[in-house]
Amino acid sequence: ANDIYINHFGAGSTGTGIQYKIFLWRNQNTLQMLYKNYSALSFSAIIPLYILQNIFEIIFFMGMWKPRIAKSYVEGWAFFFKNRKIISSERRKVQALRKVTDADILKLMYPGSAKLLHLRLRIAHILTQRILKNGE
């Protein structure tokens, strides 16, 4: 499938900090994207991990005293169920156009959690900056 391109590698950072609207948008769209793009079998395997990750993130943001960010996850789920008929219609269109299997796409994906990688890199950056500041 030489005519297939993956145009989205990762969300990256907006550089604007933790913002409710960005988290709400992400939490509304990620579940839709998973549902529309993966086969039923893959989706049923991915969704428990996705929900578990969401629960950990909710707890994390509650611990950071960011209840509105934590609430955006639940709002994302609610959005999905409220709009499930439209999303299911879109899913049928996407699935009919598929040319690449889930297995082929998974081969191109980052192995592991990009969120955890980003967190590790951010912590390393902060610690490096503190060491450099204290060493001067």
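This is a predicted model: local features need pLDDT of at least 70, side-chain atom pairs count only at pLDDT 80 or more; totals for chains, interfaces and linings use all residues.
Trainee: Let's start with helix 4, so how many residues does it have, and how far does it reach?

Mentor: Helix 4 runs over residues 84-97, which is 14 residues, and from its first C-alpha to its last it reaches 20 Å, close to the 20 Å expected at 1.5 Å a residue.

Trainee: Which residues of helix 4 are buried?

Mentor: The buried residues of helix 4 are I87, S88 and R91. They cover an arc of only 100° around the axis, and therefore they sit on the same side of helix 4.

Trainee: And what is exposed on the other side of helix 4?

Mentor: On that other side you will find K85, I86, R92, A96 and L97, which are exposed.

Trainee: What covers the buried residues, then?

Mentor: The cover over the buried residues of helix 4 includes helix 1 (20-37), helix 2 (40-63) and helix 3 (67-82).

Trainee: Changing topic, where is N54 found, and is N54 buried or exposed?

Mentor: N54 is found in helix 2, and N54 is buried, because its relative accessible area of 1% falls under the 20% cut-off.

Trainee: What does N54 touch, if I skip residues up to four places away in sequence?

Mentor: With those left out, N54 touches Y73 and W77. With W77 there is also a polar contact, made between the side chain of N54 and the side chain of W77 at 2.8 Å.

Trainee: What about Q28, which helix does Q28 lie in, and what is Q28 in contact with?

Mentor: Q28 lies in helix 1 and counts as buried at 18% relative accessibility. Leaving aside its neighbours within four places in sequence, Q28 is in contact with G76 and F79.

Trainee: On to charges, how many salt bridges are there?

Mentor: The count comes to five salt bridges. As a general point, side chains of opposite charge can pair when their charged atoms come close. One of the salt bridges here joins E75 and K71, whose closest N and O atoms are 3.7 Å apart.

Trainee: Where do E75 and K71 lie?

Mentor: Both E75 and K71 lie in helix 3, four residues apart, which is about one turn of the helix. E75 is partly exposed, with a relative accessible area of 23%.

Trainee: Which residue forms a salt bridge with E90?

Mentor: That partner is K93, and the closest N and O atoms of E90 and K93 are 3.3 Å apart. Both residues lie in helix 4, three residues apart, again about one turn of the helix. E90 counts as partly exposed at 31% relative accessibility, and K93 also counts as partly exposed, at 47%.

Trainee: And which residue meets R98 in a salt bridge?

Mentor: The side chain of R98 meets the side chain of D102 in a salt bridge, at 2.4 Å from N to O.

Trainee: Are those two buried or partly exposed?

Mentor: R98 counts as partly exposed at 25% relative accessibility, whereas D102 is buried, with a relative accessible area of 8%.

Key: Residues are numbered from 1 along each chain as its sequence is written. Side-chain values use heavy atoms; hydrogens and water are left out. Helices (H or I, at least four residues) and strands (E, at least two) are DSSP runs, numbered from the N terminus. The expected span of a helix is 1.5 Å times one less than its number of residues. Buried means under 20% relative accessible area, exposed over 50%, partly exposed in between (1.4 Å probe, protein chains only). The arc is that of the directions from the helix axis to the C-beta atoms. Contact means heavy atoms within 4.5 Å. A polar contact is a pair of N or O atoms within 3.5 Å; within protein, one must be able to donate a hydrogen and the other to accept it, and residues adjacent in sequence count only if both atoms are side-chain atoms. A salt bridge is a side-chain nitrogen of Lys or Arg within 4 Å of a carboxyl oxygen of Asp or Glu.
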